[in-house]
Amino acid sequence: RIGSATSLSSAVINTRLQELVRLFKERTEKVKEKLIDPDVTSDDESPGASPAAALVPAPGGELEGDKPSGDDHYCEMLCCTFKSRPWLDSLKSYQFPSSIDPLTNLMYVLWLFFVVMAWNWNCWLIPVRWAFPYQTPANIHYWLLVDYLCDLIYLLDILVFQTRLQFVQGGDIMTDKKAMKINYLRSQRFKMDVLCLLPLDFFYFKVGVNPLLRFPRCLKYMAFFEFNDRLEAILTKAYIYRVIRTTAYLLYSLHVNSCLYYWASAYEGLGSTTWVYDGEGNSYIRCYYWAVKTLITIGGLPDPKTLFEIVFQLLNYFTGVFAFSVMIGQMRDVVGAATAGQTYYRSCMDSTIKYMNFYKIPRTVQNRVKTWYEYTWHSQGMLDESELLVQLPDKMRLDIAIDVNYNIVSKVALFQGCDRQMIFDMLKRLRSVVYLPNDYVCKKGEIGREMYIIQAGQVQVLGGPDGKSVLVTLKAGSVFGEISLLAAGGGNRRTANVVAHGFANLFILEKKDLNEILVHYPESQKLLRKKAKKMLKSNNKPKDEKGGPGDPLIIPPKADTPKLFRAALAATGRMGGKGPLGRLRWRLKELQAVQE
């Protein structure tokens with residue numbers, strides 16, 4: 001027994017020693033990383049217990065590290081054991097926000113969705129339960145269960161969410177709990193929320209479960225309109241939701257009319273006349289069909305017989321004409337707003353075509369103009385991006401420009417090392433231009449006053465004797481013409497033709513815009529001048545100096561004659577050209593003559 005206990009303790013100590021070595025290795029690696037990169041945050045900032053402390057045995061004879069902790073949870077994966085927190089602890093540690101931004105918080109939009117669902121339950125089913133015999137003593141408990149679940153949602157909205165909504169007062173965003181609660185209690189929203197939760201359900205004990213007593217629940221319409229605003233703000237195609245919402249308005253008006261028709265038929269007596277519902281088939285579907293024919297004024301309905309039926313039908317006709325015209329007008333506005341951009345595009349294109357036809361522009365030019373309109377619209381969704389950004393404040397325009405263009409401009413070698421704020425100012429001056437296939441971006445010999453950055457597509461640099469040989473193809477992210485921005489003497493002439501290979505989207509930075517920016521950044525201006533001079537010198541060097549290939553020779557040029565050998569030849573010449581050196585000198589002259 002003593003031997004087995006000794007072997008067990010030695011095994012435990014051996015395991016702990018291995019763990020200690022591993023911990024020291026990890027700490028050494030972290031220290032190395034921190035020495036290499038000081039910005040790396042270390043987990044050892046706060047002093048912890050020494051690894052050796054794990055080897056101190058507990059009073060009970062068991063090592064302290066062997067004690068299982070009741071708060072530790074482990075999950076086994078393959079052959080390893082990883083420490084993890086269960087989802088229940090994460091849920092318990094979650095803290096509800098003390099304030100909610102109603103404009104940007106998606107959790108609040110999701111909560112409004114549940115509130116709107118509860119509101120729709122009341123708006124759609126209270127008329128059905130009142131008019132149709134769908135609520136019976138056998139299923140009344142199901143109806144009441146959903147009713148009070150909706151009331152609970154209403155109550156949580158008042159107590160938990162509405163009292164935590166941020167608001168703006170004097171230009172400041174108020175997040176104080178007391179201020180947010182007071183703001184809600186003084187608002188019209190609070191009055192309507194309290195009114196919609198009037199406890200009229202206590203009258204159930206006297207008059208029975210009458211769904212009309214829940215009619216105040218429909219007064220929570222403010223949550224519905226707020227949900228519409230918040231949802232449209234986060235949707236990329238909000239017009240689709242607007243069309244669905246307008247269609248729902250029409251369906252709801254028909255739904256209410258069908259409930260009223262069944263109530264009128266039950267009041268007169270089912271099947272008592274030819275005008276009322278005869279009680280056959282599905283009551284809701286038959287009454288809804290009658291409501292559609294009445295509100296849309298299709299015709300073909302039986303004539304009312306009694307005074308009550310005549311008055312009811314007249315009111316139906318008047319309401320139907322008014323409601324249907326309103327729905328048609330609203331649907332027209334929704335579709336018109338959704339296609340406003342397309343309409344503007346067609347209008348501009350039609351005006352341009354009319355102008356070109358009036359001045360008898362050649363057909364080839366007209367086709368290129370049409371192609372430019374179509375490609376620009378389909379690639380950007382608009383004809384001029386600057387029109388969209390004009391209404392935004394300067395700070396927001398800068399934020400958008402940074403997200404769109406900064407990654408491209410920061411890679412330009414000419415601007416590397418410049419002031420970061422200067423690059424930000426330059427981003428706002430970039431202008432987007434679309435070039436069609438085979439369009440000349442710039443031509444050889446013209447004065448360059450702008451720089452080009454390829455956003456999408458490719459361009460080809462042409463040269464050679466005929467000016468049509470492709471020297472190089474530049475792709476997205478490439479830059480050309482940057483030397484022209486800083487060239488002295490009124491501009492730098494282009495040295496080659498640049499042609500768009502396919503459709504190309506380019507950013508253009510003009511020289512005057514850059515000069516206006518550099519006035520405020522003298523250090524960046526000096527740096528750019530130096531870089532421009534170096535680039536100009538490298539571009540102006542002849543090819544022979546760079547060791548480039550020259551014209552091919554039939555006989556390659558001879559190597560330079562060593563100085564000692566030249567001195568010997570000169571001495572031979574003074575001696576009369578006799579001997580082997582003289583003959584060699586004569587042979588070299590002959591070879592030189594042949595080469596020339």
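Predicted model: local features only at pLDDT ≥ 70, side-chain atom pairs only at ≥ 80, totals over all residues.
Colleague: Where does lysine 360 lie?
Modeller: In the loop between α12 (340-358) and α13. Numbering starts from 1 along each chain as its sequence is written, and side-chain values use heavy atoms, with hydrogens and water left out.

Colleague: What makes lysine 360 buried or exposed?
Modeller: The cut-offs are under 20% relative accessible area for buried, over 50% for exposed and partly exposed in between, with a 1.4 Å probe and protein chains only. Lysine 360 has 72%, so it counts as exposed.

Colleague: What is the phi of lysine 360?
Modeller: It's positive, about 55 degrees, and this residue is not a glycine. Most residues other than glycine have a negative phi. Asparagine 438 is another non-glycine with a positive phi, near 70 degrees. Asparagine 438 sits in the loop between β5 (431-435) and β6 (440-442), and its relative accessibility of 61% makes it exposed.

Colleague: How do you know that the length of α13 agrees with its 18 residues?
Modeller: The expected span is 1.5 Å times one less than the number of residues. For residues 363-380 that gives 26 Å, and the end C-alpha atoms are 26 Å apart, so the two agree. Glycine 381 follows α13 with a positive phi, near 75 degrees.

Colleague: Which residues of α13 are buried?
Modeller: Gln366, Tyr373, Thr376, Trp377 and Gln380. They cover an arc of only 105 degrees around the axis, which puts them on the same side of α13; the arc is taken from the directions from the helix axis to the C-beta atoms. On the face turned away from that buried side are the exposed Arg363, Thr364 and His378.

Colleague: What makes the 26 residues a nonpolar core?
Modeller: A nonpolar core is a set of buried Ala, Val, Leu, Ile, Met, Phe, Trp, Tyr and Cys residues joined through side-chain atoms within 4.5 Å. In the largest one, Val409, Phe415, Met422, Met426, Ile453 and Leu509 touch the most other members. At least two residues of this core come from each of α15 (394-409), α16 (420-427), β8 (450-463), β12 (497-510) and α17 (511-518). A second, separate core has 23 residues, including Cys196, Cys218, Phe227 and Tyr241.

Colleague: Which residues is methionine 426 in contact with?
Modeller: Contact means heavy atoms within 4.5 Å. Leaving aside neighbours within four places in sequence, methionine 426 contacts Val409, Phe415, Leu509, Leu514 and Ile517.

Colleague: Which residues does UniProt list as "transmembrane region"?
Modeller: The unreviewed entry lists 108-128 and 140-161; such annotations may be inferred rather than shown by experiment, feature names are shortened, and positions follow the numbering used here. In the model, residues 108-128 are 100% helix and 0% strand, with end C-alpha atoms 31 Å apart. Residues 140-161 are also 100% helix and 0% strand, and their end C-alpha atoms lie 31 Å apart.

Terms used. Helix = DSSP H or I, 4+ residues; strand = E, 2+ residues; numbered from the N terminus.
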